[in-house]
Protein chains: 2
Amino acid sequence: MTSFMNEWRPIFSRFHLIIIKDPELNEEIQIPEGFNIDVYTKSDIDRLVGSSTSVPFSGYSCRYFGFLISKKYVVCVDDDCVPVKDKTGNLLDAVAQHIVNLNTPATPFFFNTLYDPFGKGADFVRGYPFSLRSGVDCALSCGLWLNLADLDAPTQALKPEQRNLRYVDAVLTVPLRTMMPVSGVNIAFNRAVVGPTLFPVLRLAGEGKLRWETVEDIWSGMCAKVICNHLGLGVKTGLPYVWRTERGNATESLKKEWEGVKLMEEIVPFFQSISLPQSATTSEDCVIEMAKQVKEQLGKVDPMFSSAAEAMVEWVKLWKSVGFGQSS
Amino acid sequence: MTSFMNEWRPIFSRFHLIIIKDPELNEEIQIPEGFNIDVYTKSDIDRLVGSSTSVPFSGYSCRYFGFLISKKYVVCVDDDCVPVKDKTGNLLDAVAQHIVNLNTPATPFFFNTLYDPFGKGADFVRGYPFSLRSGVDCALSCGLWLNLADLDAPTQALKPEQRNLRYVDAVLTVPLRTMMPVSGVNIAFNRAVVGPTLFPVLRLAGEGKLRWETVEDIWSGMCAKVICNHLGLGVKTGLPYVWRTERGNATESLKKEWEGVKLMEEIVPFFQSISLPQSATTSEDCVIEMAKQVKEQLGKVDPMFSSAAEAMVEWVKLWKSVGFGQSS
C-alpha cells in the first residue's frame with residue numbers, strides 16, 4: 001500500500017480518498033502521510049450494510065463498499081498499477097483524463113472515424129449527422145493498461161512474454177448495443193447513473209484473488225453497458241492508460257479460471273439479446289428487471305447465475321438504503 | 001499527377017496501377033517513368049460500359065471505372081494525399097497496412113478494448129468469448145488522414161486553422177450494426193465482396209468537385225456497411241494514415257454542400273433501420289434489395305434518391321457484365 005500510494009502521490013494527493021480495508025486482512029494497513037483519507041474497516045461495513053448481506057465485500061470486492069459511500073464520480077485503479085510516464089518522465093494524470101471522459105459527451109449512435117470528436121484538435125468527420133453531434137452523457141470511462149494487459153489466464157499462460165507497449169492516443173465511445181469486456185482494473189464512473197449496476201455479484205466457485213481468476217467486473221460491466229444502451233447513456237474506452245506490473249502465476253491460475261472463460265460463452269449471448277421494458281426508467285429498475293431475466297434464462301445453466309441474480313437485487317436494496325443519497 | 005506519383009513512388013512502383021483519365025479532362029495526363037501502368041480513357045469507358053449508362057464516370061467518379069476492372073484488392077487514395085512520414089523521414093507504407101487489414105480477421109460481434117487483436121503485441125482481453133476469436137473476413141479497410149481531416153464544408157469553414165496531428169496507432173473493427181461515415185479519400189477493399197456496393201450513385205444537384213462538396217462515398221460506404229452486417233463480414237477503420245494537403249475554399253463550398261449535410265439527417269436513420277431478407281446472399285442481391293427500399297422510403301423525400309436507386313441497379317448490371325470476372 002505504501003509504495004502504491006507514493007507512486008500515485010502527485011495525482012491522488014489532490015483528492016479525497018476512500019480506503020476500504022479488506023475485512024479478511026488481519027494486519028494494519030500502512031498509509032504514508034500527506035493524503036486526505038477516510039479509512040473504513042469491517043466494523044463500518046457491518047454497521048452500514050449489515051453482516052448478513054449476500055453481497056460480498058472481501059478481497060477485490062472491498063472496493064464496492066467504497067462505491068456505495070462515494071460522492072459523484074468514482075475512479076478506481078487496481079493496486080498493481082502505477083501511473084504511466086511520458087518520454088520526459090512526467091506522470092500522465094489518469095484521474096484528470098477519466099474526468100474529462102465523463103464530463104464530455106459520448107456519441108454512441110454513429111461512429112466517428114476520428115474517435116472522440118471532443119478531443120483536442122478532433123472533430124466530427126464529414127457525413128456525421130448534425131442532429132447527433134450534441135451526443136449524450138457519458139456514464140462510464142474504461143481505461144487501458146500498458147505493460148501487462150488484462151488478459152485471461154489461458155492467454156497469459158500461453159504468452160508469458162507478451163507486453164502491451166502500444167500507446168493508442170485515443171478515447172472512443174463504444175457504440176450503442178455493442179458489448180465489450182469491461183475490466184475493473186482502471187475505470188471511472190458517474191455513480192448516480194451506473195453505481196446501482198457495478199456490483200460484485202458473479203462469484204466463480206473456485207475463484208481466486210487475482211484479476212484473471214475473476215469475472216465479477218466483466219459481468220457487472222455488461223450489466224452497466226446494457227443499462228447505458230437502454231437509458232441512452234454513453235460508455236467510453238481508451239485513455240487513460242495505467243502501467244500494470246507483473247504478479248501472479250498464470251499457469252497456476254489456469255486451474256481456477258477456465259470456469260470463467262467457459263461461462264462467457266453463455267454470458268455474452270445473454271447480454272447481447274437482453275431487452276429491458278420501457279417501464280424501466282432508472283438504473284435501479286433496470287437491475288431488478290435484469291436480475292429477473294438472469295434467473296429465468298441463465299439460472300438453469302448454472303446455479304451461480306441464480307446467486308448472482310439474488311445478489312443483484314440485494315445490491316439495489318443496499319444502494320437505495322446506503323448509496324442513493326451520496327451523489328447529491 | 002507527376003508530383004503525386006513521385007511522392008508515392010517507393011510504394012506504388014511495386015504494384016500494377018490502373019489509371020483512369022477523367023473523361024471531362026481535355027489535356028493529356030503526364031505520368032512519370034518507372035511505373036507499371038495501364039491508362040484507360042473515355043473511349044475505353046464507352047467501349048466497356050457504353051455511353052448511355054446512368055452511372056457517371058467523370059470527376060471524382062472516374063475511379064469507379066477502375067473498381068470495375070481491377071483484380072482482387074483495390075487501394076484508392078485521393079490525389080491531394082501524400083504518404084505519411086515517420087520521425088526519421090521514412091514513408092509509412094499505406095498499401096501494406098491496408099492489405100494487412102484486409103488479410104487478418106475482423107471481429108464485429110464483440111468489442112476488444114485493446115483494438116485489433118491481430119496487431120503486433122495485441123491480443124483479446126479477458127472476457128472475450130473464445131468462440132468469437134476466430135473472427136470473420138474483412139471486406140473494407142478505411143484509412144485516416146493527418147493534417148487536413150475529412151471534415152464537411154461547414155466545419156472546415158468554421159475552423160480553417162484546425163489540423164489533425166494526432167496519430168492514433170490503432171486499427172479497429174467497426175462493430176456489427178454500427179454505422180459510420182466512410183470516406184473515399186483513403187480506402188481499400190476486397191472487390192469480390194464490396195465491389196458491387198462501392199458506386200457513384202448519389203449525386204447532389206449542385207455538387208462540386210471537392211471532396212467536401214460530395215457525399216457519394218458516404219452513401220456507398222453506408223451501403224457497404226449494411227451489406228457487411230448482413231453477410232457477416234467486417235469493416236475496419238484506423239491505420240493507415242495519409243497526409244492530406246490543403247486545397248479548396250471551404251466558405252465557397254458552403255454554397256453547395258449544405259445540401260449533402262442536410263440529407264444525412266434522412267440517410268442515416270434509413271440505413272440504421274434497413275433490414276435485408278435472408279434470401280439476399282450475395283452483395284449483388286443486397287444492392288438490388290436496398291435499391292428497392294431506397295426508392296420506396298427515400299424516393300418521396302427527394303427525387304435524388306430515386307435516381308440513386310436506379311443507378312444502384314444499373315451498377316449491379318455493369319458489375320455482372322464487366323466487373324464480375326475480374327476477381328478470379
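A: A salt bridge is a side-chain nitrogen of Lys or Arg within 4 Å of a carboxyl oxygen of Asp or Glu. The idea behind the term is that side chains of opposite charge can pair when their charged atoms come close. Please keep in mind that this is a predicted model. When the whole structure is searched, 29 salt bridges are found over all chains.

Q: How many salt bridges are there between chain B and chain A, and which side chains meet in one of them?

A: Between chain B and chain A the count is 10 salt bridges. One of the pairs joins the side chains of A:K159 and B:D123, at 2.5 Å from N to O. This pair crosses between chains, for A:K159 sits in the loop between α5 (153-158) and β6 (171-173) of chain A, while B:D123 sits in the loop between α4 (94-103) and β5 of chain B.

Q: What else describes the contact of the two chains, such as how many residues each chain gives and what area is buried?

A: Chain B gives 63 residues to the contact and chain A gives 63 residues, and the area buried between them is about 5,100 Å², of which 57% comes from carbon and sulfur atoms. There are also 24 residue pairs in polar contact between chain B and chain A, counted where both residues have pLDDT 80 or more.

Q: Which elements of chain B give two or more residues to the side that touches chain A?

A: They are β5 (138-147), α5 (153-158), α7 (216-231), β8 (234-244) and α8 (250-273) of chain B, and α8(B) gives the most, with five residues. Sorted by class, the residues on this side of chain B are 34 nonpolar, 14 polar and 15 charged.

Q: How do I read the packing of two helices, and at what angle do α3 and α10 of chain A pack?

A: One looks at the angle between the helix axes and at how far apart the axes lie. In chain A, helix α3 (residues 62-69) and helix α10 (residues 303-323) pack at about 45 degrees, with their axes 9 Å apart. Angles under 35 degrees count as roughly parallel and 65 to 115 as roughly perpendicular, and α3(A) and α10(A) are therefore oblique to each other. The contact is made by A:Y64, A:F67, A:L68 and A:I69 from α3(A), together with A:W315, A:L318, A:W319, A:V322 and A:G323 from α10(A). By class, this contact has eight nonpolar residues, one polar residue and no charged residues.

Q: Finally, what can the backbone angles tell me, and where is a peptide bond cis?

A: In chain A, the peptide bond from A:L239 to A:P240 is cis, with omega near 5 degrees, and A:P240 lies in strand β8 (residues 234-244). In chain B, the bond from B:L239 to B:P240 is cis, with omega near 5 degrees, and B:P240 is found in strand β8 of that chain. Another backbone angle is phi, which for A:N147 is near 70 degrees, a positive value in a residue other than glycine; A:N147 lies in strand β5 (residues 138-147) of chain A.

How values were computed: Residues are numbered from 1 along each chain as its sequence is written. Chains are lettered from A and ligands numbered from 1 in the order in which they are written. Side-chain values use heavy atoms; hydrogens and water are left out. Contact means heavy atoms within 4.5 Å. Buried area is the accessible area (1.4 Å probe) that two parts lose on being put together, summed over both. A polar contact is a pair of N or O atoms within 3.5 Å; within protein, one must be able to donate a hydrogen and the other to accept it, and residues adjacent in sequence count only if both atoms are side-chain atoms. Helices (H or I, at least four residues) and strands (E, at least two) are DSSP runs, numbered from the N terminus. Ala, Val, Leu, Ile, Met, Phe, Trp, Tyr, Cys and Pro count as nonpolar, Asp, Glu, Lys and Arg as charged, and the others, Gly among them, as polar. Axes are lines fitted to C-alpha atoms, for helices over the stretch in contact, and angles run from 0 to 180 degrees between N-to-C directions. Angles under 35 degrees count as roughly parallel, over 145 as roughly antiparallel, 65 to 115 as roughly perpendicular and the rest as oblique.
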